[in-house]
Amino acid sequence: MIRYMWAIVRRDLLLVARQPAEMINPLVFFLLVIALFPLGVSPEAALLSQTAAGVIWVAAMLATLLSLELLFKLDHDDGSLEQLLLAPYPSWSLVLAKVFVHWLVSGLPLILISPLIATMLFLPSHAVPTLMLSLLIGTPTLSLLGAIGAALVTGVRGGGMLLTLLILPLYVPVIIFGASSVAAAAQGMAIGGYMALLAAMFVFALMITPWSAGSALKL
Amino acid sequence: MTESSWRMPRWFHQMGSPKWFYGFAGILQPWFAIAALGLLTWGAVWGLAFAPADYQQGNSFRIMYVHVPAAILSQSIFLGMAVAGAVGLVWKMKVAFMVARSCIAIGATFTAIALVTGAIWGKPTWGAYWVWDARLTSTLVLFFLYAGIMALNQAISERHIAGKATAILAIVGTINIPIIKYSVEWWNTLHQSSSFTLTAKPSMPADMYLPLLLTVLGSYCLFALVVLMRTRSQIVQSQSGASWLMQHRDITGA
Amino acid sequence: MSFTPSFDVHLLCTSALACERDSRVLYNDLNFVVKPGHLWHVKGRNGAGKTTLLRQLAGLHPVDTGEVLYSNNSIKMIYIGHKLGLKEQLTADENLCWLAGLDGSSTQSQRYAALEHVGLRGYEENPVAQLSAGQKRRVALARLHLCKADVWLLDEPFTSLDQQGIIDEIDWLRQHTRAGGAVLMTSHQDINLPNVKILDLGQYSPLLGECLPDKGSSII
């Protein structure tokens, strides 16, 4: 089964290498949303630094959702999803492999670029490690939960909007604890509890996603 | 290929038969209709006309007799939808999927009623139609969950697949609801936007909560009635042409 | 062939298999046995459920009524449908590599040999997007030679192939069944092989409006 998952991971990474736009587009989208915020609200440092945590988390969430739409859709359209499902391995391993690549391609770049974003939004520098850590635990959760929606809308026309409707409500706890942890760190408060909660949600998503996305793919 | 289903008593499998369910639901329907009408009327008249006014909120609290049942039902229906969906998935029972799909619209309606009455109640209590109160916020998220399931159902044209998709999403949503609820509550205490919760009264006199109990029970009966009716209509659609259906007295009118 | 052919046992069979789509019954009470050496040609008008039947046998379409029984769990099947399952951005060789990697492994020389077998020598490193429809079909069919399987489930395998391609493929079908494999395929074209068995889905489609016996009621 490890070999099966590895075959999927290797193929998807190869595809990303052939079409780097898949990786770059969500990142540019993320930057764009962040840049729109000061334009729409106010470029004032005091206000921005206060709202930075929430803005970064919301933007990360939207960027993740944007790239999730195609998670299974491309494979479904060209028939390779059928072949993946036909292999004699449980469909949850397929889900986990796909989600892993998705996070590697869309989540990890967001984390790496987040210090830059934090500076642009005047987030206090001592909160930056917390921001990165919370994104590190939180973005895999987003990818996992989103995979459920992506699997459900796979065969549906115009699934992008639908995916957003299905998944955003499930993201509520992640954004609350993710953004709160950064805000707490900015105020110099302890963040251990937040990280524990984020980690708990990651484990939770890891438990429900493989089953539900796997069975949704087989509909 | 077929997974061996868990052994269940005979009546359970009987319920899964559209024919049997159609007939049984037809018998139950009038009773639920009578119960819903009676309980709701009794509770509403008692609550709106005879229950004493609240010492703090005056008469405005009476909207509770609509708000609280709607709020309770909005959550129970989601749970019911998930249970029906799980039954459908485990025992491959088409009727269970139909029941789950019948729950969506009525659940979303109750959630909308809870939101609107909550906002109306909020105006005299908080001075604003909307505050980011923990309960209102989690009810709003619940409404979004319903909206998502409804949208998914409309997007999938094949009924059988739509039923399974609804089931999976309802189960995932139900597992998530407590987490969403607690995270919103925690977020609410952090931001201290309101310190006054609408319904958590220290001690409600019997004259106030008994009518509430009646309206809650009445709403459950109303919900059961609507689900039975909608499931029956789905059975008619899916079994159109089946001989047992054509001979049923509800169809022939005999 | 990687498996030992034993012609007396069946590879898979169906028992009272039925398929219902949007409350319309496509076929009902379908019973047939697939043994080594069999070549089943599934026939039927458009919308008779030919594709669905192959997908049910492959395990891609849920079986709600009736059963599909396999001789054992290790029986290997290859399903090639309308959608070929090829990634346009990847080369022919890379596509075969991941397809074979799903359940086993392959060396480059094996993949090159398979591609040569289907007449694609010299196209190994071309992205599939640059190939013609017939060549894409050939890449997909190359899997039949790369991954040895007991049962081939082929949905319209002659689509967009040229005349020589069709002749070649019929020859592969003959070799495969002779070696103890089995084939189930749909095609609007007749196959000129002596061992072809016809499965006409039209014979299994119920009268209009007839319903399946429900699972719940059949248990009682």
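Two strands are said to pair if DSSP finds at least two bridges between them, and helices (H or I, at least four residues) and strands (E, at least two) are DSSP runs numbered from the N terminus. The model is predicted, so that local features need pLDDT of at least 70 and side-chain atom pairs count only at pLDDT 80 or more, whereas totals for chains, interfaces and linings use all residues. Residues are numbered from 1 along each chain as its sequence is written, and chains are lettered from A and ligands numbered from 1 in the order in which they are written.

**View 1. Strand E1 of chain C and its partners.** Strand E1 (residues 12-21) of chain C pairs in the antiparallel sense with strand E4 (residues 65-70) of chain C over five bridges, and with strand E2 (residues 24-34) of chain C, also antiparallel, over seven bridges. Thr14(C) has Val68(C) as its bridge partner in E4(C) and stands opposite Phe32(C) in E2(C).

**View 2. The largest nonpolar core.** A nonpolar core is a set of buried Ala, Val, Leu, Ile, Met, Phe, Trp, Tyr and Cys residues joined through C-beta atoms within 7 Å. Of the 197 residues in the largest one, Ile56(A), Leu152(A), Leu153(C) and Leu184(C) touch the most other members. Helix H8 (residues 159-186) of chain A gives the most to this core, with 16 residues.

Definitions and conventions:
A residue is buried if 20 or more other C-beta atoms lie within 10 Å of its own, exposed if 12 or fewer, and partly exposed in between; C-beta atoms are placed from the backbone.
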